[in-house]
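Colleague: I am new to this structure and should like to understand the terms used to describe it. May I put some questions to you about how each description is reached?

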Amino acid sequence: MRRHCIGSLAAAGLLLAGGMALDYAKQRDATAIPAARSVPVAKLQAARQSSSDLEVGGELAGLPPGVTRYITREDLLTLPQATYTVSDDSNFTGPTKISGVPLEDLARSLGAAPQAAMVVAICDDKYRANYPREYVAAHHPLLVLAVNGQPPSGWPKDSEGHGYDMGPYMISHPIFKPSFKIFSHADEPQVPWGVVRIEFRNENTVFGAILPRARHAATPLVKAGYRIAQQNCFRCHNMGREVDRSPVLPGWCSRRGHGFARILRRLCARPAIQESSCGDARQLGYDDATIGALITYFRTFSPHAPEGKP
C-alpha cells in the first residue's frame with residue numbers, strides 16, 4: 001500500500017513540529033552482478049531525457065550538495081540486480097516476481113557520501129518514504145525495475161482499485177518481518193509506488209527536525225513516542241525537505257493534554273480513515289500505551305511544558 005500512514009492526525013491538526021535481519025545473501029539472485037563502486041558522473045544527466053528517468057539528489061559524491069541529476073532506466077539496469085518472489089507485499093494480490101536494485105547497492109553505486117546513508121523515496125504526489133540505515137540493514141528494500149519480468153507499462157494497477165499506474169518505480173522487500181515493536185505499534189513495511197525521485201540524506205539532519213525538545217526528553221516514554229512518530233507520522237506530515245510546522249500543535253499538547261488524548265483515541269479507534277493526502281489508511285488499533293507515548297513525545301514541543309517535564 002502506497003499511502004500507509006496516520007492520515008487522521010492531519011484532520012486533528014496534528015502536524016509534526018520542527019520536523020530480524022534477513023538471510024539476505026541466500027535470497028539474492030544468483031545472477032546478480034558484482035556491486036559497482038560508483039556510477040560515473042557523466043552518466044548522471046543534468047536534465048530529464050525520458051519520463052522513465054529516475055531523479056536523484058541529496059548528497060552525491062563528486063557533486064555539490066542539493067544538486068539534482070537523472071539516471072536512465074537503461075543505466076539502472078547495469079547496476080547490481082536482485083530477483084525475488086514476494087508474497088507479503090500489499091501492493092500485489094498474490095506471489096509476484098520482482099527484480100531491481102537493492103537500495104544499499106544503489107547508494108554505493110551512486111556514490112552517496114558515507115554520512116548520507118539514509119535513502120528517501122519521493123513519489124509523484126510528494127509522498128515520502130524514509131529508509132534509515134537500520135531499516136535498510138534489517139529489510140533490504142529493493143528499487144523495483146521489473147514486475148513478473150515486465151517494465152512499468154506491464155505492471156498491475158494499484159491494489160486499492162483506483163486504476164493508478166504504479167510506475168515508473170516502486171520499492172518492495174524480499175520478505176518483511178518486523179524488526180521492532182513498541183506497545184501496539186510494530187515496525188511497518190515502507191512500500192511506496194509511483195516513485196520518481198531518490199535522495200541520499202544525512203539521517204541525523206533529517207530526523208533532527210523532529211527530535212523531542214524538552215531538556216529531559218530522553219525518557220523511555222518520550223523515546224518510544226519519537227520512534228513511532230519517526231516511522232509513521234513523519235512520512236505524511238512533512239513539507240518539502242523536512243517537516244510541516246503547525247501553530248496548532250502547542251495547543252493540542254499544552255497543559256495535561258486531555259483533549260489531545262481524546263482526539264487520538266477517537267481517531268485511532270476508527271476501522272478506516274480517509275485523508276486526502278494519504279488515501280485509505282489501515283486500521284490503526286493503537287492502544288492506550290501507544291497513544292500515551294505519542295502524547296508524551298508531542299508535549300515536548302509545547303511552550304507550556306516545564307523544562308524537564310515533557
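Colleague: To begin, how many helices and strands are there in the protein?

Modeller: This is a predicted model. The protein in it has 10 helices and 13 strands. Of its 310 residues, 54% count as buried. The accessible surface comes to about 13700 Å², and carbon and sulfur atoms account for 54% of that surface.

Colleague: How do you know that the span of helix α10 agrees with its 12 residues?

Modeller: Helix α10 runs over residues 288–299, and at 1.5 Å a residue its 12 residues should span 16 Å. The expected span takes one less than the number of residues.

Colleague: What makes α10 a mostly covered helix?

Modeller: Nine of the 12 residues of α10 are buried. The buried residues are T290, I291, A293, L294, I295, T296, Y297, F298 and R299.

Colleague: Why is H140 called buried?

Modeller: The relative accessible area of H140 is 10%. Buried means under 20%, so the term applies. H140 is located in the loop between α5 and β7. Its phi is near 50 degrees, which is a positive value in a residue other than glycine.

Colleague: N148 is described in another way; why is N148 called partly exposed?

Modeller: The relative accessible area of N148 is 47%. Partly exposed covers values between the 20% limit for buried and the 50% limit for exposed, so N148 belongs in that class. The residue is found in the loop between β7 (142–147) and β8 (169–172). N148 has a positive phi of about 50 degrees, although it is not a glycine.

Colleague: Which residues is N148 in contact with, leaving aside its neighbours within four places in sequence?

Modeller: N148 is in contact with T96 and K97. As for T83, which is 65 residues apart from N148 along the chain, the two C-alpha atoms are separated by 10.0 Å.

Colleague: What joins G167 and P168?

Modeller: A cis peptide bond joins G167 and P168, with omega about 10 degrees. P168 lies in the loop between β7 and β8.

Colleague: Why is Q45 called partly exposed?

Modeller: Q45 has a relative accessible area of 28%. That value falls between 20% and 50%, so Q45 is partly exposed. Q45 lies in the loop between α2 (24–27) and β1 (54–58).

Colleague: How far apart are Q45 and R69 in sequence and in space?

Modeller: Q45 and R69 are 24 residues apart in sequence, and their C-alpha atoms are 5.5 Å apart in space. Leaving aside neighbours within four places in sequence, Q45 is in contact with R69 and Y70.

Colleague: Finally, what volume does the second largest pocket have, and which residues are closest to its centre?

Modeller: The second largest pocket has a volume of about 220 Å³. It is lined by 15 residues, of which P132, Y135, R227, Q230 and Q231 are the closest to its centre. The elements that give two or more residues to this lining are α5 (133–139), α6 (203–208) and α7 (220–236). Among the elements, α7 gives the most to the lining, with four residues.

Colleague: What classes of residue make up the lining of the second largest pocket?

Modeller: The lining of the second largest pocket has four nonpolar, six polar and five charged residues.

Note on methods
Residues are numbered from 1 along each chain as its sequence is written. This is a predicted model: local features need pLDDT of at least 70, side-chain atom pairs count only at pLDDT 80 or more; totals for chains, interfaces and linings use all residues. Side-chain values use heavy atoms; hydrogens and water are left out. Buried means under 20% relative accessible area, exposed over 50%, partly exposed in between (1.4 Å probe, protein chains only). Contact means heavy atoms within 4.5 Å. Accessible areas come from the Shrake-Rupley method with a 1.4 Å probe; for residues, only the protein chains shown count as cover. On a 1 Å grid over the protein atoms alone, a cavity is a set of points where a 1.4 Å probe fits but cannot get out, and a pocket is an open set with protein on both sides within 12 Å along at least five of seven lines; lining residues have an atom within 4 Å of a point. Grid points are joined across faces, edges and corners, and a volume is the space filled by probe spheres set on the points. Ala, Val, Leu, Ile, Met, Phe, Trp, Tyr, Cys and Pro count as nonpolar, Asp, Glu, Lys and Arg as charged, and the others, Gly among them, as polar.
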